[in-house]
Amino acid sequence: MYPIITSVDEYAAALPSRTVDANRTDMDSTALQTFTSPVVLFFLLGLLAAFLRSDLAIPEAIAKGMSLYLMAAIGLKGGVAVAESGIDITVGSALLAGIAASFLMPFIAHFVLKTFGGLDRLNSGAVAAHYGSVSVVTYVTAVEILELSALPAAGFMVAVLAAMETPAILSGLMLAKGSDGTGSKSERAEMLKEVFLNASVVLLLGSFAIGMIAGPTGFAEVSPFFQAGFKGVLCLFLLDMGLIAARRIMSSRAITWRLAAIAILLPIFNGAIGVLVGTGIGLDVGSTAAFGVLCASASYIAVPAAMRLALPEADPGIYLTMSLSITFPFNILINIGLITAFAVSLGGGVGGPT
Amino acid sequence: MYPIITSVDEYAAALPSRTVDANRTDMDSTALQTFTSPVVLFFLLGLLAAFLRSDLAIPEAIAKGMSLYLMAAIGLKGGVAVAESGIDITVGSALLAGIAASFLMPFIAHFVLKTFGGLDRLNSGAVAAHYGSVSVVTYVTAVEILELSALPAAGFMVAVLAAMETPAILSGLMLAKGSDGTGSKSERAEMLKEVFLNASVVLLLGSFAIGMIAGPTGFAEVSPFFQAGFKGVLCLFLLDMGLIAARRIMSSRAITWRLAAIAILLPIFNGAIGVLVGTGIGLDVGSTAAFGVLCASASYIAVPAAMRLALPEADPGIYLTMSLSITFPFNILINIGLITAFAVSLGGGVGGPT
Amino acid sequence: MYPIITSVDEYAAALPSRTVDANRTDMDSTALQTFTSPVVLFFLLGLLAAFLRSDLAIPEAIAKGMSLYLMAAIGLKGGVAVAESGIDITVGSALLAGIAASFLMPFIAHFVLKTFGGLDRLNSGAVAAHYGSVSVVTYVTAVEILELSALPAAGFMVAVLAAMETPAILSGLMLAKGSDGTGSKSERAEMLKEVFLNASVVLLLGSFAIGMIAGPTGFAEVSPFFQAGFKGVLCLFLLDMGLIAARRIMSSRAITWRLAAIAILLPIFNGAIGVLVGTGIGLDVGSTAAFGVLCASASYIAVPAAMRLALPEADPGIYLTMSLSITFPFNILINIGLITAFAVSLGGGVGGPT
Amino acid sequence: MTETVIRKRIEILADTALVRRVTEIINRVEITGWTVLPVQSGSGRDGPWQDERVTGSNKSLVLTVASQIKAEKLASELEPILSSHGLLLTMWDVEVIRGDRF
Amino acid sequence: MTETVIRKRIEILADTALVRRVTEIINRVEITGWTVLPVQSGSGRDGPWQDERVTGSNKSLVLTVASQIKAEKLASELEPILSSHGLLLTMWDVEVIRGDRF
Amino acid sequence: MTETVIRKRIEILADTALVRRVTEIINRVEITGWTVLPVQSGSGRDGPWQDERVTGSNKSLVLTVASQIKAEKLASELEPILSSHGLLLTMWDVEVIRGDRF
Ligand SMILES: Nc1ncnc2c1ncn2[C@@H]1O[C@H](COP(=O)(O)O)[C@@H](O)[C@H]1O
Ligand SMILES: Nc1ncnc2c1ncn2[C@@H]1O[C@H](COP(=O)(O)O)[C@@H](O)[C@H]1O
Ligand SMILES: Nc1ncnc2c1ncn2[C@@H]1O[C@H](COP(=O)(O)O)[C@@H](O)[C@H]1O
Ligand code: NA
Ligand code: NA
Ligand code: NA
């Protein structure tokens, strides 16, 4: 494990050295695009409004509706892209790599959370599950920023996103309860059902399939709704996420500085691993960055819901605050830029940034 | 009545024979368009997700908002179309035919439900009212599919849709309670008010009128919202309808195979009548098909609401499950195609498919 | 004060005389545009549906979502416009004039409400606060109508709108409670916080700032959502406002004919003052009309919320019915047209209508 | 100590479409007011239902506070529609402040 | 006068994700029905929370009316998950009409 | 049999804008928690109202469970704003499980 951890340093080191020459501009422009993009600015507005204790709030039904819209839209777009590009061996490797990453990353997280973080086994397992799984909105924001930087991610990455949601829940539960302690057989079956048929997995894969079947022609009919409106909806959704993230951390009581540090360093570390793996299995630079972002992101929808059922004794004040109030903003504001720069530097080193 | 019922056979017979030569392709392409259209695919996704017991769900406020949007949009578009085309005698005939069909079709339905279906008088009347009235979403979906097949329905059909919502409620109540048994005078007055001023009638006719007043110029201002977004919203709305329809049938206890059969055969029969009448009064092929779909469709919004007030003893487990969980999916997935093919075959036989 | 009040007559007099020659057509066309615009027609539909006691209703979450959308959109557009045009001294004068108008207009209103209106001090103060503050939707509707008349308001007027929301609350409280009676120090501090950080001020100014930072390029990404959809959303929002306004007045018990007269004459008077001030500080005709509309409009969101906290003994049946059910429709349907005509006549008199 | 009096609190679960009929009866027996709460889902003799406002199959909870006498009057006025319309009525004693209002 | 009988009304506040588990237990002890009300926000030992359906951190209130015996059975069946899952259960006597249903 | 203790359940209907003021008082008298339920519509001395969140004219129901002593303290602390702000407070005895929490 240690050699891997030291690669964080490598990763950090890579940024100044490798990117200086050819990729300095890329990184700068990514950072700039991040902070002049309305999408990110609305997120900052949400954070700010909540810190100032404004009563600005988005009705829940609207927020829920927007998240369904965003998932349907990226599923569709991914499916259409795959219908156009066809499927090759990379798709299979990316899916496998995603599933493996989601299942394995919680082990590292669990170790760090128990030792450095000082959490008990139960809470370590619960938090670890969040970091193995993914955040749809982080992914979507990254894809937008990558497109602005002319580094689009491949369409099939949506399927990877869906595939990475759930394996981490299983390993997190194993870590929390011991491999045999995941409850009675019927409970485990219910758990698995919950996990594989949860709303976001079904909607992502379902609309991905619809995109593949309908193809570009079918998509053309609905693209004014699902494509043209996308970024605007993302703005309002991130405004809400900013409000929720900031409000949660202001009322949080359970977060130590050690946990806060983990909530920042773990996504850097996981992101670097993701970029290395993505480059290793031959993804293009945009998809590599997207894969890195998936590894770096932490779930705050599917996994908390599963934990409430399976580990009700674990403290939502810890896992939600870490994933939603620290890691999520850090990823949106800084880490997407870091990961992209790292992917570009590696991709540039191997064979050019496309 | 019997001669009419046998025309179901005629209708069924008409499909293979008349359409074979010239219209085979039309029917095939309609069927194909049905199953590669994102609109229909999202409906299937909803059905599937519910059958798999996924927790996917659309917030009610969003669903309600989408249904208001869809009604405002088709009202507007219809009104603008009439502002462009002007009103002629066909409009009047179509309105009269629609009102007559809505009022009279429950009598046939009531007879079948009481004899073959084995329902009591009360429930037969309640179910019959649903089949005389119309489903806005079925109509909207049909119009989309017809447009893909280059058979657009006339703009004034929206007014026919609105006119057909309520007469069936009156005949259904008469059938359920006896002609004099529709309650006290004040109750009847309240009932009528409810019926003629229910939300969907007011919104459909109101936005139809706005479309006529504003005309193409006024509509241009709002068309990015009401026109460009339309199909996308319809996708998400049908996703929700699929979820609701499938969940209802899974928890249903009251549906016998006889009732299920009626919920499929009645819309075929009513659709055929509608096509015959539409052709008879000289509607173009697209409008004829749309009229057939109106006759075939069963209400699951306005009529259930009225029944809860006027016939609270009738069982929603019967009328909602039949109209929403059997007839509605059957119409969307199969019957729109059948009706269109029949309309084309008749229209082609009379004077060409336009 | 009296010389000012007589200027209402001047204002009324100005309409027939000055506008007859050059501006007759402008006024007529504004009036025409008002009544063929789908935006206004949907408002009328809402009023009508409620008067007929239809059960048409828009879910609250949707209405709230639409109002957030409208504020974000106008904030963004204003910010982008300022990013393009730059800031000059007029911006500062307009902001100062707006703040002064919002703070001072309640004094006149309070006087009229106490004397002619017969209200007690408390309710006079509460109502006066509403008339000093502004209605976002009235402003937005006016901007749409002004654009149809080729008299666009300057982008910075959005900042003026935000600045005018709150000063009136302070003067209204002073009038209601006496200058020292605005409660304990901590209550006053909380009050001020509420007022300056209320949702609409934060969202308007926040998205205004985002528009300035993102500029036209950044806005281009999100313009299909925030620009193309704008008028359509406004239609549905005004439909809801029509329903709410009419339902409220139908169940109102507290409104005398004197209060109704004030609810119509005060916006005429305040609008005229606004146009005079706007012309005086050198705004272009469109911005002058917009400033007049801001002065004429009465708050029905931010101020009622503040009054419930600070003046719970004041009667919402008075202040909400006056501002929402009388002044708001009067402004939308008639006063925007009057104010525009007055601004054009003054602007034309001074130096031509642009 | 705050002075309280005993009143009846009555809660009626009904189809949302029927709420107006219930509140009209509340007004008719001259109870001073009522409050309606939303309901999400439930289950009864007809099996489970979920709030599908699209098909109008949702319910609401009407709550009202009244004197013993008016509460009994309300209950007996509601009785005819209780069974036919599937209402659920519960009623119990509560302490209220400013009891003269009710 | 309308005839009423005394029944227990039980209300259980639970994470929305747990509602199905609660209603399964209600069905298991053969209570005839239940009703779920939405909840907006709250505060307890973990500090305040607001209904953030996005993160699934919302709660619901399950209400059910039953005979004394079934109510006690329900309470004892729920007891194991009451503490571990942070449920809040209150229970009191109410008068109901058509009491034979419960 | 499950052991229960008797506590007071207090429910306060208030303008949503006032909920924070009410819960601050609940915290001040050191009650362990509270829960807020949404309200849809109602009618009182000012006539009927409907939940128009657009104009902020909506209400919420604050429910809290506390010991007799704390409940009385809460009632008397709330009394000054009860009339001026048009609150509706009802209070009754309930059985709770794990009563030591309250
Ligand atoms: N007797 C009552 N029972 C239940 N709710 C009431 C009652 N009286 C008033 N309310 C509620 O309290 C609110 C304020 O009432 P009031 O203070 O009479 O204006 C009303 O809008 C109702 O929602
Ligand atoms: N025992 C019960 N406790 C709470 N709610 C009930 C109970 N029985 C029925 N309900 C509610 O009342 C509705 C109608 O019940 P029913 O009349 O049995 O169909 C159900 O859908 C539930 O929401
Ligand atoms: N005394 C109380 N009265 C009413 N609701 C409470 C009370 N204590 C806790 N709650 C509710 O129960 C939830 C869980 O409480 P706890 O188990 O203390 O974390 C809180 O978030 C509140 O919504
Ligand atoms: Na991850
Ligand atoms: Na029909
Ligand atoms: Na004003």
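Let's start with a charge resting on a ring: Lys77(A) sits over the face of Phe230(A), 3.8 Å from the ring centre. Chain B shows a like arrangement, with Lys77(B) over the face of Phe230(B) at 3.8 Å from the ring centre. Please keep in mind that this is a predicted model.

Over all chains, the count comes to 30 aromatic pairs. One of them joins Tyr300(B) and Phe328(B): their planes lie at 70°, and over 60 degrees counts as edge-to-face, so this pair is edge-to-face. This pair links distant parts of the chain, 28 residues apart. Tyr300(B) belongs to the loop between α14 (285-296) and α15 (302-310) of chain B, while Phe328(B) is in helix α16 (residues 316-351) of chain B.

In chain C, Phe43(C) and Phe328(C) make an edge-to-face pair too. Here the partners are 285 residues apart, with Phe43(C) in helix α3 (residues 38-51) and Phe328(C) in helix α16 (residues 316-351) of chain C.

The table gives the geometry of these two pairs.

| Pair | Centre to centre | Angle between planes |
|---|---|---|
| Tyr300(B) and Phe328(B) | 5.2 Å | 70° |
| Phe43(C) and Phe328(C) | 5.3 Å | 90° |

Phe43(C) is buried at 0%, and Phe328(C) is buried at 1%.

Finally, look for a group of rings drawn from chains A and C: Phe42(A), Tyr69(C), Phe225(C), Phe226(C) and Phe230(C) form one aromatic cluster.

Key. Residues are numbered from 1 along each chain as its sequence is written. Chains are lettered from A and ligands numbered from 1 in the order in which they are written. This is a predicted model: local features need pLDDT of at least 70, side-chain atom pairs count only at pLDDT 80 or more; totals for chains, interfaces and linings use all residues. Side-chain values use heavy atoms; hydrogens and water are left out. Rings of Phe, Tyr and Trp (its six-membered ring) pair if their centres lie within 6.5 Å; planes under 30 degrees apart count as stacked, over 60 as edge-to-face and the rest as tilted. Helices (H or I, at least four residues) and strands (E, at least two) are DSSP runs, numbered from the N terminus. Buried means under 20% relative accessible area, exposed over 50%, partly exposed in between (1.4 Å probe, protein chains only). A charge sits over a ring if NZ of Lys or CZ of Arg is within 6 Å of the ring centre and within 35 degrees of the ring normal.
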